Structures are given as C-alpha cells and as structure tokens.
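Colleague: I have a model open and want to learn how to read it. Can we go through it feature by feature?

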Amino acid sequence: GTIFALSQTFGAAGSLVGNYVITEGLHGSLPGSWRLVFGVASGVLVLTAVFFMSVGSGSVQHWNNLRDRQERQSQGSLAATDSRRSSGPRR
C-alpha cells in the first residue's frame, strides 16, 4: 500500500508539472508550438526506454517464483521437525 501511494503521488506531481510546462510552452497556442510538447514527450519516452534497456532485466525474481517458495517452506518445516526430534531429551 505504501509503495502504491508513493507511486501515485509522483505520478500526480508529474501531471501537474506537465500541465505547467505545456501552459508556459504554448504562449498563444500556435499549432507549431505543439512540436515542443511532442518533442519533450518523445525525449522523455526515449530516455526512460534507454535507461530500462541498459539497467533493467527480464529475469524472474526469486520472490516471484511460487513453486520454489513452496519447496523451500516445506524443506524448512521438515528440517525444523527433524531438529526438534534430534534435540529431545537424551537418556
């Protein structure tokens, strides 16, 4: 929930800044001024795509693999059961 709230806050702030930039960039709303708007949008999209292509990865994360998590939990519960049995009272 916290991560979702933060991402929504940054998204809304970006919308507000975008509206301000467009308003200031279109002094009189000339059709040619829209080139600035689409140029800035294209630049942002290209920069974010290049950043993702250079840093991002498409591999599945360990926390997203349900089968491995279930196997680890079952092995952990078996190991805990075995350790309880072996640590019982000695005679």
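Colleague: How many helices and strands are there in the protein chain?

Modeller: Helices (H or I, at least four residues) and strands (E, at least two) are DSSP runs, numbered from the N terminus. Here the protein chain has three helices and zero strands. Its pattern along the sequence is α-α-α. This is a predicted model: local features need pLDDT of at least 70, side-chain atom pairs count only at pLDDT 80 or more, and totals for chains, interfaces and linings use all residues. Residues are numbered from 1 along each chain as its sequence is written, and side-chain values use heavy atoms, with hydrogens and water left out.

Colleague: What does helix H2 span from its first C-alpha to its last?

Modeller: The expected span of a helix is 1.5 Å times one less than its number of residues. H2 (residues 34–55) has 22 residues and reaches 32 Å, close to the expected 32 Å.

Colleague: How many residues of H2 are buried?

Modeller: Buried means under 20% relative accessible area, exposed over 50%, and partly exposed in between (1.4 Å probe, protein chains only). In H2 the number buried is one of 22, so H2 lies largely in the open. Of the 91 residues of the protein chain, 3% count as buried.

Colleague: Which residues does the UniProt annotation "transmembrane region" cover?

Modeller: UniProt annotations may be inferred rather than shown by experiment; positions are given in the numbering used here, and feature names are shortened. The unreviewed entry places this region at residues 36–60. Over residues 36–60 the chain is 80% helix and 0% strand, with end C-alpha atoms 39 Å apart.
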